[in-house]
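Please walk through this model one region at a time, with the viewer open beside the text.

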Amino acid sequence: MGGNRSRVTEFVLLGFRLSPETEVLLFWVFSLLYTVGLLANGLILVLICLDRRLHTPMYFFLSHLAILDMSYASNNVPKMLANLVTHTRTISFVPCIMQTFFYLGLASTECLLLVAMSYDRYVAICHPLQYTVIMSWSVCTGLAATSWSWGFFLNALTHVTLLLRLPFCGSRNINHLFCEILSVLKLACADTWLNKVVLFAASVFVLVGPLCLMLVSYVHILWAILKIQSGEGRRKAFSTCSSHLCVVGLFFSIAMVVYMVPESSQREEKEKILSLFYGIFNPVLNPLIYSLRNAQVKDALCKVLQVRSR
């Protein structure tokens with residue numbers, strides 16, 4: 001019987017089950033947010049490249065974060081937007097697997113990069129006199145390279161390799177907005193126990209481990225802030241750290257809900273909504289919280305605009 005089954009060559013992304021009018025409305029809202037996210041992150045990259053005052057470890061990591069946000073959104077959002085306004089929601093097998101690979105790699109890299117950024121802030125606030133020595137360019141480059149290589153080669157490549165060994169010969173309907181790995185695994189015609197165990201183990205390594213390291217860093221940072229004599233300096237430091245912690249908390253808590261909480265009824269519909277945070281809202285929030293609120297970035301933007309107006 002199993003030999004008569006035909007292998008799946010394409011999948012159907014079911015997405016949201018909404019009325020045509022609502023889908024058109026979402027198309028324009030998501031298109032606007034996607035465009036704003038690309039422009040904001042692109043602006044950050046341009047300013048960091050043009051202004052030498054932004055050639056510091058903190059902005060070096062922020063430039064990588066901007067690249068990650070633009071790449072993640074561009075990997076998932078265009079297909080999702082197309083599916084909102086078309087009745088053909090198919091995606092071929094190879095593009096689906098590539099989408100899975102890039103979203104896993106980019107999301108994992110961002111988790112690890114956020115750890116590097118928290119370490120940079122820890123050194124800057126808790127060890128300011130040794131900052132330039134500890135956060136040398138070789139260290140910064142090594143941290144960024146480690147984040148990218150671990151995210152793609154140790155995490156994404158492992159999951160996709162295990163995914164490709166599975167046969168897909170039954171249903172081809174993916175109940176998600178994109179080729180999310182758990183939704184794809186449900187369509188396999190073989191036991192996916194190994195895939196799920198490796199995915200859970202990777203979630204502990206990529207999510208729980210980095211989150212614990214960041215919490216330790218921010219506890220030390222907050223303790224150092226409380227020792228600041230200047231009320232203005234303390235207020236400014238608290239404002240920066242609280243905004244960073246909000247983004248980090250949202251980023252990791254949503255990922256943990258998706259990959260570490262046991263399955264329950266209506267989980268798939270909730271995951272679709274949660275996944276919008278990474279593809280739509282996170283690329284807009286990160287530039288606003290990490291960069292565009294910063295006085296140095298504002299000064300760099302004003303300088304660029306002044307030069308162009310002459």
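Leaving aside neighbours within four places in sequence, Pro283 is in contact (heavy atoms within 4.5 Å) with Gly37, Asn41, Asp69, Ala73, Phe277 and Tyr278. The model is predicted: local features need pLDDT of at least 70, side-chain atom pairs count only at pLDDT 80 or more, and totals for chains, interfaces and linings use all residues. Residues are numbered from 1 along each chain as its sequence is written, and side-chain values use heavy atoms, with hydrogens and water left out.

Pro283 lies in helix α9, residues 267-292; helices here are DSSP runs of H or I with at least four residues, numbered from the N terminus. With a relative accessible area of 3%, Pro283 is buried, a term for values under 20%, using a 1.4 Å probe and protein chains only.

Asp51 sits in the loop between α1 (20-50) and α2 (57-85). Asp51 is also buried, at 5% relative accessibility. Its side chain reaches the backbone nitrogen of Arg53 at 2.9 Å. Not counting residues up to four places away in sequence, Asp51 touches Ala300 and Lys303.

The buried residues of α5 include Cys140, Ala144, Ser147 and Gly151. Among the elements covering the buried residues of α5 are α2, α3 (93-126), α6 (181-185) and α7 (193-226).

Terms used. Helix = DSSP H or I, 4+ residues; strand = E, 2+ residues; numbered from the N terminus. Buried < 20%, exposed > 50% of the residue type's maximum accessible area, 1.4 Å probe, protein only. Polar contact = N/O pair within 3.5 Å; in protein donor to acceptor, adjacent residues only side chain to side chain.
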